[in-house]
Amino acid sequence: MLEKGRLGTRALGTLTFMMVVGDMMMIYPSVITSYAKQNAWICALIGVPISMLLMAMFLKLGKAYPDQNLISMTRSILGFWPGTLVGCFYLYFFIIGASTHTREVGDFMTTQIFQYTPIRVVILIFVIAVCWGSTTGLKPWDAVASYSYLSESCSSLYSASVCYPKLIRAT
């Protein structure tokens with residue numbers, strides 16, 4: 001579980017899996033196909049190895065500088081002023097990414113689930129939930145992700161066991 005505010009391997013894997021699956025379903029298909037049209041599969045084919053290389057780079061940086069955060073690492077590697085500038089670009093990237101993801105969640109919820117609820121209300125509730133989770137630490141995030149992953153896995157297995165025999169008999 002959690003020791004001294006650190007995530008275990010299972011918790012990190014669960015949180016990463018939930019984030020990647022959510023992004024793959026909500027954000028990436030629309031963004032990639034809006035630019036690449038019918039060649040979207042090429043973008044995915046190129047993007048996976050590049051993202052794996054980036055992940056390997058971040059893992060090596062994390063091992064090389066275990067007691068530093070991302071901004072401190074850039075300052076150590078590039079120097080104070082260039083590292084601060086790159087750190088500001090990172091912060092800008094994360095702020096833009098967070099606002100984009102928040103809007104995507106609001107759009108999805110208002111078009112699929114809460115059709116008569118204003119998007120501002122949905123975004124406000126989502127931001128409040130994220131702020132609460134951020135202030136309480138990693139343990140609630142791990143607990144919610146583990147419970148969600150377990151319940152989704154069980155419901156998927158149940159659905160497959162109920163629907164699969166019917167599909168076989170139908171063919």
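Colleague: How many aromatic pairs turn up in the whole structure?

Modeller: Bear in mind that this is a predicted model. A search through the whole structure gives three aromatic pairs. One of them joins Phe80 and Trp81, with 5.0 Å from centre to centre and 85 degrees between the planes, so the pair is edge-to-face.

Colleague: Which residues make up the cluster of ring pairs?

Modeller: Tyr90, Phe93 and Phe94 are linked into a cluster by ring pairs.

Colleague: Switching to helices: how do H4 and H5 cross?

Modeller: Helix H4 covers residues 70-78 and helix H5 covers residues 80-113. Their axes come within 7 Å and cross at roughly 150 degrees. Angles over 145 count as roughly antiparallel, which is why H4 and H5 get that description. The crossing of H4 and H5 is right-handed.

Colleague: Which residues make that contact?

Modeller: On the H4 side, the contact is made by Leu70, Ile71, Thr74, Arg75 and Leu78. H5 contributes several residues, including Phe80, Pro82, Val86, Leu91 and two aromatics from the ring cluster, Tyr90 and Phe94.

Colleague: New topic, cysteines. How many disulfides are there?

Modeller: The search of the whole structure finds zero disulfides. A disulfide is a covalent bond between the sulfur atoms of two cysteines.

Colleague: OK, then are Cys43 and Cys131 buried or partly exposed?

Modeller: Cys43 counts as partly exposed, at 38% relative accessibility. Cys131 is partly exposed too, with a relative accessible area of 43%.

Colleague: Last one: what is the phi of Lys37?

Modeller: Phi of Lys37 is near 55 degrees, which is a positive value in a residue other than glycine.

Colleague: Where does Lys37 sit, and is the residue buried or exposed?

Modeller: Lys37 lies in the loop between helix H2 (28-36) and helix H3 (40-64). Lys37 has a relative accessible area of 54%, and because that is over 50%, the residue counts as exposed.

Notes: Residues are numbered from 1 along each chain as its sequence is written. This is a predicted model: local features need pLDDT of at least 70, side-chain atom pairs count only at pLDDT 80 or more; totals for chains, interfaces and linings use all residues. Side-chain values use heavy atoms; hydrogens and water are left out. A disulfide is a pair of cysteine sulfur atoms within 2.5 Å. Buried means under 20% relative accessible area, exposed over 50%, partly exposed in between (1.4 Å probe, protein chains only). Rings of Phe, Tyr and Trp (its six-membered ring) pair if their centres lie within 6.5 Å; planes under 30 degrees apart count as stacked, over 60 as edge-to-face and the rest as tilted. Axes are lines fitted to C-alpha atoms, for helices over the stretch in contact, and angles run from 0 to 180 degrees between N-to-C directions. Helices (H or I, at least four residues) and strands (E, at least two) are DSSP runs, numbered from the N terminus. Angles under 35 degrees count as roughly parallel, over 145 as roughly antiparallel, 65 to 115 as roughly perpendicular and the rest as oblique. A crossing is left-handed if the near helix is turned anticlockwise from the far one by less than a right angle, and right-handed if clockwise. Contact means heavy atoms within 4.5 Å.
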